[in-house]
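Hi,

Here is the structure for your work. My notes follow below it.

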Amino acid sequence: MARKVFGNSLKNAMGEATPSEENLDTSRTSPTVARAQASILEEDKHATRLIDPNAIQMSAVMDRVDPSDGLDDLVSSIREHGQKVPVLVRRTSNGSLEIVYGRRRLLACRELGQKVRATVMEMTDEEALIAQGVENNARQDPSFIERALFVAGIIRELGKTDEARKNAQTVAYRALQIDESLVSRMNRIATGIPTELIQAIGPAHGVGRRVWEKLFRLCEKDGAKARQIAAEIPRNLPGPNRLEAAIALLTATKPAPEVNPNERVKVGRRGNRITIDADADLAPRVEEAVRKLIMELLDRGQDGPE
């Protein structure tokens, strides 16, 4: 929906209502006026406007583990200097507004209680996701797991059937400009690690695919334990260290139960019968010690006084 950039001033100057993009009739105007009208409409597609941030909904596919992480600095910057870069918003099929990129700027404006400067464009689901991915790459700061989660989100939202899944994978590698085989691998990693564990670790900037893949394989072996250790990750550590802690917790073996030495060899007596129960690994040495002790006792009996 194009905004009327000049409002009634354009309508009065031209003596007619501002034409819409759909019903622009150049045959009834001079070429000069037609070009001017077309130029205004094309410019309006990219014009920014101030919108209530609460009127803009988040998209289903997120590109950050926690969009609010470190938001305080951005809030302070916008409070002091204003919002310099507009967000991109699209109008969905049901008429609502949805963020394409600029989530943190949107959240900062919500925090400040001020309108957000936004560009509104008509975009399909695929176009919006590709634009989101391209903008993420330009940011230079999304981590591997955030990119993997973005890939998984695209496939989840667009690939609900086998046929649609192929198209979703195409959208994913076009959005992130990566190899198609890597798309499948990233999707497996992002969906194979429990969400609560990823959130506990955070984006872990600087950590590449191999380490996350190692964690993924550990989660494959014991998904229940992977979900359980999420609560044990120290939150005061940097992201990469939290990832290492998760791997350490999943690879740690249970310590052997402490055994009382007195319980490894048990001696019992019933009348003249003496029984000895020993651990299997101790049995040969216990037998040897008992035989030696018996021989010593017999020797003492022979050498003693009659």
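Predicted model: local features only at pLDDT ≥ 70, side-chain atom pairs only at ≥ 80, totals over all residues.

Helix 4 (residues 103-112) is mostly covered, with seven of its 10 residues buried. Helices are DSSP runs of H or I, at least four residues long, and strands are E runs of at least two, both numbered from the N terminus. Buried means under 20% relative accessible area, exposed over 50%, partly exposed in between (1.4 Å probe, protein chains only). The buried residues of helix 4 are R103, R104, R105, L106, L107, A108 and C109.

Residues are numbered from 1 along each chain as its sequence is written, and side-chain values use heavy atoms, with hydrogens and water left out.

Next, the second largest pocket. Its volume is about 320 Å³, the space filled by probe spheres set on grid points joined across faces, edges and corners. A pocket here is an open set of points on a 1 Å grid over the protein atoms alone, where a 1.4 Å probe fits, with protein on both sides within 12 Å along at least five of seven lines; lining residues have an atom within 4 Å of a point. It has 13 lining residues, and M62, R64, L149, R156 and T195 are the closest to its centre. Helix 6 (144-158), helix 8 (180-192) and helix 9 (195-201) each give two or more residues to this lining. Helix 6 gives the largest share, four residues.

Last, I274 lies in strand 7 (residues 273-278). I274 is exposed, at 58% relative accessible area.

Best wishes
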